[in-house]
Amino acid sequence: MGILFAFAPFIGFAVVDRMLGSTEGLFAGFVISAALLVRDWLSPNRSPKVLEIGTDVLFGTLGLYALLSHPDWSLMGVRLAVDSGLLLIVLISIAIRQPFTLQYAREQVPQEIWASPEFTRTNYVITAVWALAFVALVGADLVLLYLPELPPRFGIIVTVLALVGAIKFTSWYPDHRRAIAKTATQ
């Protein structure tokens with residue numbers, strides 16, 4: 001559940017963007033992600049995570065840029081910037097050998113499992129699936145940006161399918177790997 005809560009800044013951004021505008025939405029995402037970071041710093045059982053730090057930097061940077069430069073962003077242009085930033089955060093987490101799901105998974109499993117190569121591999125696979133989901137979001141944003149005659153529901157459908165697929169895979173895959181390991185030891 002922690003991993004899903006980490007996407008609250010993106011939900012806040014989307015809601016405020018629709019109601020008040022892009023700059024306000026970006027700052028809403030920044031405030032929500034900052035609140036998540038403060039929660040993690042103050043909680044004895046939590047620590048700041050790559051996704052939350054990256055999200056705070058992403059929304060803070062884009063919000064500041066929007067405030068100072070007053071770009072003439074379309075809704076799709078802002079979504080493309082946010083979704084591309086999210087994809088970049090996930091790819092960086094893989095590049096620095098800290099797949100973003102690893103930090104959430106460690107909060108849910110005993111510490112003796114953390115060093116397991118299977119645990120690490122499982123988190124690389126899950127993080128890669130999330131990266132593919134975000135590639136789909138960026139792709140949908142690009143399609144809608146360059147083909148504005150398409151109905152907006154195209155982007156909504158792609159987003160929902162990509163995110164639901166990643167969520168379901170995140171839930172299913174660890175159990176699947178445990179079942180395979182259990183079968184192999186019998």
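Reply: Let's start with His-70, which counts as exposed because its relative accessibility is 62%. Here, exposed means over 50% relative accessible area, buried means under 20%, and partly exposed is in between (1.4 Å probe, protein chains only). Before we go on, this is a predicted model, so local features need pLDDT of at least 70 and side-chain atom pairs count only at pLDDT 80 or more, while totals for chains, interfaces and linings use all residues. Residues are numbered from 1 along each chain as its sequence is written, and side-chain values use heavy atoms, with hydrogens and water left out.

His-70 sits in the loop between α4 (50–69) and α5 (75–95). Helices such as these are DSSP runs (H or I, at least four residues; strands are E, at least two), numbered from the N terminus. The backbone of His-70 has a phi near 50 degrees, a positive value in a residue other than glycine. Most residues other than glycine have a negative phi. Arg-97 also has a positive phi, near 65 degrees, and belongs to the loop between α5 and α6 (100–106). At 64% relative accessibility, Arg-97 counts as exposed.

On to the aromatic rings. Rings of Phe, Tyr and Trp (its six-membered ring) pair if their centres lie within 6.5 Å; planes under 30 degrees apart are stacked, over 60 edge-to-face, and the rest tilted. By this rule there are twelve aromatic pairs. One of them joins Tyr-65 and Trp-73: the centres are 5.6 Å apart and the planes lie at 40 degrees, so the pair is tilted. Tyr-65 is partly exposed, with a relative accessible area of 42%, and Trp-73 is partly exposed at 26%. Phe-169 and Tyr-173 have ring centres 4.9 Å apart and planes at 20 degrees, so this pair is stacked. Both Phe-169 and Tyr-173 are buried. They are separated by about one helical turn, because they lie four residues apart in helix α8 (residues 153–185). An aromatic cluster is formed by Phe-7, Phe-10, Phe-13, Phe-59, Phe-100, Tyr-104, Trp-130 and Phe-134.

Phe-10 from that cluster brings us to the largest pocket, which holds about 780 Å³ of space. Of its 28 lining residues, Phe-10, Ala-14, Arg-79, Thr-159 and Leu-163 are the closest to its centre. A pocket here is an open set of points on a 1 Å grid over the protein atoms alone, where a 1.4 Å probe fits, with protein on both sides within 12 Å along at least five of seven lines; lining residues have an atom within 4 Å of a point. Grid points are joined across faces, edges and corners, and a volume is the space filled by probe spheres set on the points. α8 gives the most to the lining of the largest pocket, with seven residues. That lining divides into 22 nonpolar, two polar and four charged residues, where Ala, Val, Leu, Ile, Met, Phe, Trp, Tyr, Cys and Pro count as nonpolar, Asp, Glu, Lys and Arg as charged, and the others, Gly among them, as polar.

The second largest pocket has about 610 Å³ of space. Its lining of 23 residues has Ala-105, Val-109, Thr-170, Pro-174 and Arg-178 nearest the centre. α8 supplies the largest share of this lining, seven residues. The lining of the second largest pocket divides into twelve nonpolar, eight polar and three charged residues.
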